[in-house]
Amino acid sequence: MTSAQLQGYLAVGYAKRKFVDRLMRLLLLVAAIVALTPLFSVLFYVLSRGLGNLNWAFFTEVPKPIGESGGGMANALVGTATLVGIASMIGVPWGIAAGVYLSEYGRSRVANMVRFGTDMLASVPSIVIGLFVYALVVVPMGGFSAFAGGVALGIIMVPTIARNTEEMLRLVPNHIREAGLALGLPRWKVILRIVLRGSVSAITTGIMLSIARVAGETAPLLFTAFNNRYWHQGLDQPIASLPVQIFTYAGPPDEVWNGQAWTGALVLLFFVLVLNVTSRVFFRSGSVGRE
Amino acid sequence: MSQQVEPILRVRNLNAWFGESHALKEISVDIPPSAVTAVIGPSGCGKSTFIRCLNRLHEEVPSAGASGEVSLNGMNIYGEGVDPVGVRRKIGMVFQKPNPFPSLSVYDNVVAGLRLAGIRRRSVLTEVVERSLRQAALWDEVKDKLSVPGTSLSGGQQQRLCIARALAVEPPLLLMDEPTSALDPIATAKIEELILELRKQVTIVIVTHNMQQAARISDRTAFFLMGELVEFGETSTVFTVPKEERTERYITGKFG
């Protein structure tokens, strides 16, 4: 083969590779668009259906009896806030404590079991957790309650927060811990006041994401918090929530109710979206992993 | 020549392990007070392990263990019932990489040891901050930005901040584990100057990779090789007329 021939082959090969490169890039772009389509169509659809009923009354009034138009989902909004509040009070300290244990003391076999258990809990279908809480809280208490709903959501929050906390604490380099120990601080103080403090923004991000997740949970609330057409009468009473209200209102063939359900979906979607976006912004501005 | 003064730290038959591997073998040495003792030797010779045994930080590594006697002013820190946390309050440490506590300000970094030990009086803390930062030759550079994050300082400043943090609890003994290996020559020179200054108030044991550094700043030098203490003596002697052939070969660059 002469040098000219070789150059010829190379030129042909180059053109082909360039073509394949373009083709692949195009395919990847198409795949990315396909992946994003559901998100944008959901956003668009919910916006188009839900925006019409979005008014001040939606945020301030309780639902009107069937057949009457108007009314809102104020009780469900407050309900969701209440449920998420109870869930956070349970899930946040429990999750962070478990995460700290896994990261700082997580070398034993017990810790491996805990880690495995956390992963299992994270993949348990949420309706099963609802059933569990039904047996654990609803039956002994003698009825559906806001408290039971909060417990169910709180349990769902635990594994997410625990694993996130563990991973974020692992990002704190070990020599930071050693610096604390070398100052003559007991290990628990080093963890609490130095390691945990250094990852506050990342851990908060995890908490916000898990709140965004449970705020939209419906299944575990069906037989724990149930629903309530009015303002709730105490934490031991059934309580309305946005997802369950949407579920209830989307079912019957009633124009007004269905419209309310769409608006509810819009508000819920917006809330979750805002939480997600702020947590990401928050995380980026945080100082974790930097030295 | 052996020192006549009472040693501040007496090490006898110190052994250390990482799991099965025997990292330090029967180390016995007397560290004189108010002096700089350099620990030199090739990588993996056990010099870092040695000083990490001196404040019982070695045992924090999983599967690591140590035995023997290390007495600080007559008290064996490996004695029965001795709390390593108490030991570490009296023996400060500066690490290879500058490691100010993340998301704590310069001020808070310096007083971390005091504050977490329960001292809250602002006047006391502020006084300690100034004193420690002056001791660490950092005061003039940071006095107007005590509230910025410690991690926002330059590498050399961060290392001096770590020195100030260690000095704030007034340890009689300060351990330094290759404190300049992550720094540029100018920052290194500043730290060396600082060490010579500090020697008057605090005993320093410094691990270094850099033999010129050991020669410049130390009064005594200990040469480690494969977990053993090969030679210990006046720095000038060790570097000019070493007793051991292995020391001479290392110092003249024949290996290591």
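What percentage of the contacts in chain B with a separation of 6 or more is accounted for by residues 24 or more positions apart? In this predicted model, the share is 67%.

**View 1. Chain B as a whole.** Chain B holds ten helices and ten strands. Along the principal axes, its C-alpha atoms fill a box of roughly 55 × 45 × 35 Å. The radius of gyration is 18 Å, in agreement with the value near 18 Å for a compact globule, because chain B has 256 residues. Of these 256 residues, 48% count as buried.

**View 2. Helix α4 of chain B, end to end.** Helix α4(B) runs over residues 122-135. It has 14 residues, so at 1.5 Å a residue it should span 20 Å. The end C-alpha atoms of α4(B) are 20 Å apart, which agrees.

**View 3. The two sides of α4(B).** Five residues of the helix are named here as buried: B:Val128, B:Val129, B:Ser132, B:Leu133 and B:Gln135. They lie on the same side of α4(B), because they cover an arc of only 150 degrees around the axis. B:Ser123 and B:Glu127, on the other side, are exposed.

**View 4. The backbone just after α4(B).** B:Ala137 sits just after the helix. Its phi is positive, at about 55 degrees.

Notes
Residues are numbered from 1 along each chain as its sequence is written. Chains are lettered from A and ligands numbered from 1 in the order in which they are written. This is a predicted model: local features need pLDDT of at least 70, side-chain atom pairs count only at pLDDT 80 or more; totals for chains, interfaces and linings use all residues. Helices (H or I, at least four residues) and strands (E, at least two) are DSSP runs, numbered from the N terminus. The radius of gyration is taken over C-alpha atoms; the globule rule is 2.2 Å times the number of residues to the power 0.38. A residue is buried if 20 or more other C-beta atoms lie within 10 Å of its own, exposed if 12 or fewer, and partly exposed in between; C-beta atoms are placed from the backbone. Two residues are in contact if their C-beta atoms, placed from the backbone, lie within 7 Å. The expected span of a helix is 1.5 Å times one less than its number of residues. The arc is that of the directions from the helix axis to the C-beta atoms.
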